[in-house]
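Hi everyone, thanks for making time for this. Please have the sequence and the structure open while I talk, and stop me whenever you like.

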Amino acid sequence: MTEISARDRKTTKGVSPKSTTTLATRVLELVASGQASSRAELAELLGTAASTISLTVAQLVERGLIAEEGTQSSTGGRPRRVLRAGSNDEYAVAADVGGRHARIGVVLPGGGVRDVANVPFEVADGPEAALPRLAEHLESLAEQHGRDRLRGVGLSLPGPVDVASGAVVLPSRMPGWNRFPVAAWLEERFGVPAAVDNDANCMTVGEQSVRPADHRQSIMVKIGSAIGAGVIADGRLYRGATGAAGDITHIRIDGGADIPCSCGNTGCLETVASGAALVRILRERGLDVSSPEDVVRLATDADPEATRAVRRAGDHLGQVLAANVNFFNPDAVYLGGILSTLEPFVAAVRSKLYESCHPLVTEHLTIERASLGADAGLVGAGLFALQRALTRALGDIVRAAPGADRQHTAAGRRGI
């Protein structure tokens with residue numbers, strides 16, 4: 001799965017026949033992310049002639065970037081051959097980083113995960129100290145699964161990321177990380193392509209990989225210490241013109257006008273609905289809390305103050321989401337992060353959306369927790385890494401071809 005930006009919206013629905021490489025890249029994205037497993041599904045999703053898809057798939061099979069195996073049932077005609085990206089033995093190592101821990105694991109083509117574990121990670125230590133410790137854990141996974149089959153490294157970070165440079169940009173809770181070349185550091189350490197993105201986008205891509213193929217438009221919201229969101233438009237991660245699409249964190253809402261935000265304004269959503277905000281609110285009410293985990297513990301034990309605060313936070317989030325849902329008209333709204341584990345919070349979001357959105361918008365709207373739970377960000381980071389590796393391999397093949405049009409490799413340089 002890749003992004004849609006203002007510069008390449010022309011590839012949103014179909015693929016220009018003038019660019020074989022662009023079509024091949026989209027085929028790789030859909031197969032690697034698990035959205036398509038047959039030529040017929042590719043043709044339908046891309047709006048491209050079946051003959052063109054068959055030719056492109058055959059070329060990718062010949063190059064070893066896609067494999068065909070077995071069959072799956074069809075609604076008629078000949079059984080469909082099942083497509084998969086790369087080899088069954090290939091994999092990426094990935095990490096979904098939080099403030100004080102990282103969830104690490106092995107991610108397979110299509111989104112399967114192995115050997116998932118939580119390890120210590122202090123983001124406040126800065127990249128020079130924190131990254132080498134994390135890399136040791138990831139290298140241990142790579143050694144267990146065969147270093148020769150490692151194809152990429154993925155990292156989900158809790159801050160805004162410039163995907164092209166693989167660096168965090170002006171993060172509010174990551175001292176020392178601003179503009180540090182994380183992706184370049186990982187590539188030098190591991191010798192394979194690396195993909196770095198923010199946690200909301202990684203969670204969005206991970207969740208999309210296991211959702212129904214007909215859910216092509218969705219909003220994924222991560223509610224942890226902070227709040228972030230990702231947008232899927234026509235089956236692809238939508239980044240916007242500068243990569244900031246989905247940033248609902250700093251939308252001002254009623255009820256928070258006097259509370260200062262890290263962005264310099266007051267009354268932002270994050271100041272009243274995030275895990276950090278709930279910690280502050282409950283401490284002001286005399287409760288002994290120091291982390292979002294404490295908030296969850298109290299609310300799970302039916303503490304009245306915690307439950308009331310959690311419901312209010314869900315109402316605030318629903319208020320902001322309602323405007324976006326009315327405008328975007330998605331198939332689904334998925335909720336992830338630690339606060340999404342609380343039913344009062346989810347119920348409040350759902351209630352506000354039904355109350356504030358047009359009935360036509362909510363008639364078939366799915367509103368539920370992320371089915372991958374805590375693994376969604378990990379899966380997304382791993383898929384980004386595998387797709388980066390596939391796209392780079394395709395670019396290498398094109399560059400090596402006699403008389404190849406070098407401009408077709410631009411997608412590989414932009415990153416996915």
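Let's begin with a pair of helices: α4 passes α5 in a right-handed crossing. A crossing is called right-handed if the near helix is turned clockwise from the far one by less than a right angle, and left-handed if anticlockwise. The residues that make this contact are L131, P132, A135, E136, L138 and E139 on α4, with V182, W185, R189 and F190 on α5. Contact here means heavy atoms within 4.5 Å. Sorted by class, the contact of α4 with α5 has seven nonpolar residues, three charged ones and no polar ones. In that sorting, Ala, Val, Leu, Ile, Met, Phe, Trp, Tyr, Cys and Pro are nonpolar, Asp, Glu, Lys and Arg are charged, and the others, Gly among them, are polar.

For orientation, α4 covers residues 127-145 and α5 covers residues 182-190, and they pack at an angle of about 45° with their axes 12 Å apart. The axes are lines fitted to C-alpha atoms, for helices over the stretch in contact, and the angles run from 0 to 180 degrees between N-to-C directions. That makes α4 and α5 oblique to each other. The scheme is that angles under 35 degrees are roughly parallel, over 145 roughly antiparallel, 65 to 115 roughly perpendicular, and the rest oblique.

A word on where this comes from: it is a predicted model, where local features need pLDDT of at least 70 and side-chain atom pairs count only at pLDDT 80 or more, while totals for chains, interfaces and linings use all residues. Residues are numbered from 1 along each chain as its sequence is written, and side-chain values use heavy atoms, with hydrogens and water left out.

Now a second pair. Helix α2 (residues 39-46) and helix α3 (residues 50-62) pack at about 120°, with their axes 9 Å apart. α2 and α3 are therefore oblique too, and their crossing is right-handed. On α2 the contact uses R39, L42, A43 and L46, and on α3 it uses A50, I53, S54 and V57. By class, the residues in the contact of α2 with α3 are six nonpolar, one polar and one charged.

Stepping back, the chain has 14 helices and 15 strands. These are DSSP runs numbered from the N terminus: H or I over at least four residues for helices, E over at least two for strands. Of the 416 residues in the chain, 54% are buried; that means under 20% relative accessible area, with exposed over 50% and partly exposed in between, using a 1.4 Å probe and protein chains only. Among contacts in the chain with a separation of 6 or more, 64% are between residues 24 or more positions apart.

How many residues does helix α13 have, and how far does it reach? Helix α13, residues 376-400, has 25 residues and reaches 36 Å from its first C-alpha to its last, close to the 36 Å expected at 1.5 Å a residue. The expected span is 1.5 Å times one less than the number of residues. α13 is mostly covered, with 19 of its 25 residues buried.

Next, some individual residues. F345 lies in helix α11, residues 343-356, and counts as buried because its relative accessibility is 0%. Leaving aside neighbours within four places in sequence, F345 contacts I223, A273, V310, A313, G314, L317 and L339. F345 and V310 are 35 residues apart in sequence, yet 5.6 Å apart in space, C-alpha to C-alpha.

K222 sits in strand β11, residues 218-223. Is this lysine buried or exposed? K222 is buried, at a relative accessible area of 16%. Beyond four places in sequence, its contacts include D96, D199 and G336. K222 and G336 are 114 residues apart in sequence and 4.6 Å apart in space, C-alpha to C-alpha.

Last, the backbone. Most residues other than glycine have a negative phi. R179, though not a glycine, has a positive phi of about 70°. R179 is in the loop between β9 (167-168) and α5, and counts as exposed at 51% relative accessibility. D234 has a positive phi as well, near 55°. D234 is in the loop between β12 (227-233) and β13 (236-238), but counts as buried at 13% relative accessibility.
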